[in-house]
Amino acid sequence: MKLSFTTLGCPEWELDLIIERAVEYGFDAIDFRGLAGEMNIYKLPAFSVDAIQTRDQIQAAGLQVSCFSSSVNVFSKENFEKNAAEIKEYVKLCSIFNTRYIRVFGGAIGDTDRAEAVQTMVQHFQELGALAKAHGVKLLLETHDDWTASTDVQAVMEQVDSEAVAVLWDLHHPVRTLGELPTDTWQSLSPWVEYTHVKDSKLLPDTDGKFQYCLTGQGNIPLVDTIKLLQENGYDGYFTFEWEKKWHPEILNAEEAFPQYVQFMRALA
């Protein structure tokens with residue numbers, strides 16, 4: 001079982017501490033989603049002029065970079081050129097760090113008809129995916145926002161280049177926000193799932209569906225059964241802990257959540 005974490009969980013940590021703690025806690029890799037207050041990490045010296053030095057530091061610690069998580073919303077027409085420029089920057093980093101994946105969002109579709117939205121996604125993925133594929137990189141469409149329902153993601157994936165685009169299955173969102181069964185998600189998306197996000201939550205009483213993130217295994221997301229489903233079907237990608245401390249400062253600190261995640265996951269292996 002390969003374990004990674006996104007840097008959303010430790011937004012205050014500097015690079016050296018991220019690497020040190022990743023090793024200490026027993027992770028195999030790091031998924032970079034922001035660093036030291038900058039979400040577009042290619043703007044930082046450590047991932048531009050000093051990128052090779054950073055790569056060597058991470059590799060010397062016995063770690064990999066499992067993914068670079070972008071802010072790209074593929075559906076957006078008005079931001080298409082901006083998105084293409086961002087993908088190009090992350091492709092450069094993937095080439096340096098020997099990283100296979102760039103995470104992208106589908107994004108909000110507003111009042112656009114779903115069938116039309118699917119075709120817009122397919123069209124945009126043709127160009128954005130080609131930018132990645134040319135360098136041996138894949139874009140990962142996350143089950144998130146207006147693309148959480150597995151059948152909506154499936155409608156896109158059936159029409160795009162599977163050598164350029166794959167699926168990031170966030171094991172939390174379809175269950176918590178739609179009540180979708182993991183077996184149904186897997187049935188729809190199994191040909192394309194190459195990466196996962198793992199997190200747990202519990203419903204808050206009398207809040208009409210609002211929830212609170214909690215330590216792994218202490219909520220009621222069916223993580224054990226879902227992870228077993230993946231393993232029994234040959235999934236060998238990363239199980240990446242997405243502890244959203246950056247967006248939810250009230251949740252526990254990484255010093256508590258990260259090692260507990262590793263302990264929980266290793267017990268399932």
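The lining of the second largest cavity comprises four nonpolar residues, two polar residues and one charged residue, where Ala, Val, Leu, Ile, Met, Phe, Trp, Tyr, Cys and Pro count as nonpolar, Asp, Glu, Lys and Arg as charged, and the others, Gly among them, as polar. The model is predicted, so that local features need pLDDT of at least 70 and side-chain atom pairs count only at pLDDT 80 or more, whereas totals for chains, interfaces and linings use all residues. Residues are numbered from 1 along each chain as its sequence is written, and side-chain values use heavy atoms, with hydrogens and water left out.

The residues that line this second largest cavity are R55, I58, Q59, L63, Q64, V65 and F97, and the space within the cavity is about 30 Å³. A cavity is here a set of points, on a 1 Å grid over the protein atoms alone, where a 1.4 Å probe fits but cannot get out, and lining residues have an atom within 4 Å of a point. Grid points are joined across faces, edges and corners, and a volume is the space filled by probe spheres set on the points. At least two lining residues come from each of α2 (51–60) and β3 (64–73), with α2 giving the most, three residues; helices (H or I, at least four residues) and strands (E, at least two) are DSSP runs numbered from the N terminus.

In total, two cavities of 30 Å³ or more were counted. The largest cavity has a volume of about 70 Å³, and among the 14 residues that line it, T7, P11, R33, G34 and L35 are the closest to its centre. Its lining consists of eight nonpolar, three polar and three charged residues.

The largest pocket, a pocket being an open set with protein on both sides within 12 Å along at least five of seven lines, has a volume of about 190 Å³. Its lining includes N40, Y42, K43, S71, V72 and N73, together with S76, N79, K82, N83, A85 and E86. Two or more of these residues are given by each of β3 and α3 (80–97), and α3 gives the most, with four. By class, the pocket lining holds three nonpolar, six polar and three charged residues.

In helix α1 (residues 15–25), the residues L15, I18, I19, R21, A22 and Y25 are buried, that is, under 20% relative accessible area with a 1.4 Å probe and protein chains only. The elements that cover these buried residues include β1 (2–6), β2 (29–32), α2 and α9 (254–266). Helix α1 is followed by G26, whose phi is positive, near 95 degrees.

Methods
Buried < 20%, exposed > 50% of the residue type's maximum accessible area, 1.4 Å probe, protein only. Contact = heavy atoms within 4.5 Å.
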